[in-house]
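We'll go stop by stop.

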Amino acid sequence: MQLILKQHYKFYRPLYSLFSAITLTLVVWYHFHISSSFIWKSSLAEIYIAVVLAIAGLVVMYISGSKYFLQITGIDVFIKRSSSNTLQQKGLHKFVRHPLYSGTLLFVWALFFWHPFLNNLISCICITLYVRTGIYFEERKLVNDFGDTYKKYKAKTPMLIPNLL
């Protein structure tokens, strides 16, 4: 990516964030403009578990997003401040390499199991494919930025699902 963008590489993150916002908007628009039917009727236990998992996903998203909002969105490129280009390996990053993506996937899939409509399934699949594609490019960037440090971190830390054992 750096070879393609050259001197504009510093705008990689805000461009990526803009692309993310646009594609997510398209998925959400599509989601609410198609008619859909239930795939199955959720039991009360399924609904309860789904709500708990959705809240957990929102909490993970909030923690990740609020701590690194300027970096995640790329807005920090436009603010004159000293940037610490260090690899985050503490907090939620101790358990997964991409906690914001983990929280997002946990949230959207929990919503699907709460309301198992066909359109929710389609949205979940699209968001999962998008997240997986984003991780592919993000990890290439992180290897480029942090080299062996990131490779070692990647070898010991799961991508999305924490190893709870």
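Before you count anything, a word on labels: helices (H or I, at least four residues) and strands (E, at least two) are DSSP runs, numbered from the N terminus. By that rule the protein chain has six helices and zero strands, and from the N terminus on its elements read α-α-α-α-α-α.

Some ground rules. This is a predicted model, where local features need pLDDT of at least 70 and side-chain atom pairs count only at pLDDT 80 or more, while totals for chains, interfaces and linings use all residues. Residues are numbered from 1 along each chain as its sequence is written, and side-chain values use heavy atoms, with hydrogens and water left out.

**Stop 1: the whole chain**

Show the surface. Its accessible area (Shrake-Rupley method, 1.4 Å probe; for residues, only the protein chains shown count as cover) comes to about 11100 Å², and 71% of that belongs to carbon and sulfur atoms. Of the 165 residues, 32% count as buried; here buried means under 20% relative accessible area, exposed over 50%, and partly exposed in between (1.4 Å probe, protein chains only). Now think about contacts, meaning heavy atoms within 4.5 Å. Among those with a separation of 6 or more, 79% are between residues 24 or more positions apart.

**Stop 2: the main core**

Select Tyr12, Tyr16, Val27, Tyr101, Leu105, Val108, Phe112, Cys124, Ile127, Val131, Ile135 and Leu160: these twelve residues are the largest nonpolar core. A core of this kind is a set of buried Ala, Val, Leu, Ile, Met, Phe, Trp, Tyr and Cys residues joined through side-chain atoms within 4.5 Å. Which elements give two or more residues to this core? They are α2, α4 and α5. As background, in soluble globular proteins nonpolar side chains tend to be buried together.

While you're here, pick Ser123 in helix α5 (residues 118-146). Ser123 is buried, at 7% relative accessible area. Leaving aside neighbours within four places in sequence, Ser123 is in contact with Val27 and His31.

**Stop 3**

Zoom to Tyr153, in helix α6 (residues 148-156). Is Tyr153 buried or exposed? At 2% relative accessibility, Tyr153 counts as buried. Once neighbours within four places in sequence are set aside, the contacts of Tyr153 are Leu87, Gln88, Gln89, His93, Val96 and Arg97. Try the distance tool on Tyr153 and Gln88: the two are 65 residues apart along the chain, with their C-alpha atoms separated by 9.7 Å.

**Stop 3: the ring cluster**

Rings of Phe, Tyr and Trp (its six-membered ring) pair if their centres lie within 6.5 Å; planes under 30 degrees apart count as stacked, over 60 as edge-to-face and the rest as tilted. The whole structure has eight such pairs. Take Trp40 and Phe113: their ring centres are 5.8 Å apart and their planes at 45°, so this pair is tilted. Trp40 sits in the loop between α2 (12-32) and α3, and Phe113 in helix α4 (residues 99-114), so the pair ties together parts 73 residues apart in sequence. Trp40 is partly exposed at 28%, and Phe113 is partly exposed at 40%.

Trp109 is partly exposed at 25%, whereas Phe112 is buried at 4%. Select Trp40, Trp109, Phe112 and Phe113 together, and you have a cluster linked by ring pairs.

**Stop 5**

Finally, select Tyr48, Ile49, Val52, Leu53 and Leu106, which make a nonpolar surface patch of about 460 Å². Patches are made of residues with over 30% relative accessible area and no salt bridge, with like charges joined within 9 Å and nonpolar side chains (Val, Leu, Ile, Met, Phe, Trp, Tyr) within 5 Å; a salt bridge is a side-chain nitrogen of Lys or Arg within 4 Å of a carboxyl oxygen of Asp or Glu. Helix α3 gives the most to the patch, with four residues. Leu53 lies in α3 and is partly exposed, at 36% relative accessible area.

Stay on α3 (residues 44-73) and move to Val59. Val59 is partly exposed at 42%. Its C-alpha is 7.5 Å from that of Gly103, 44 residues away in sequence.
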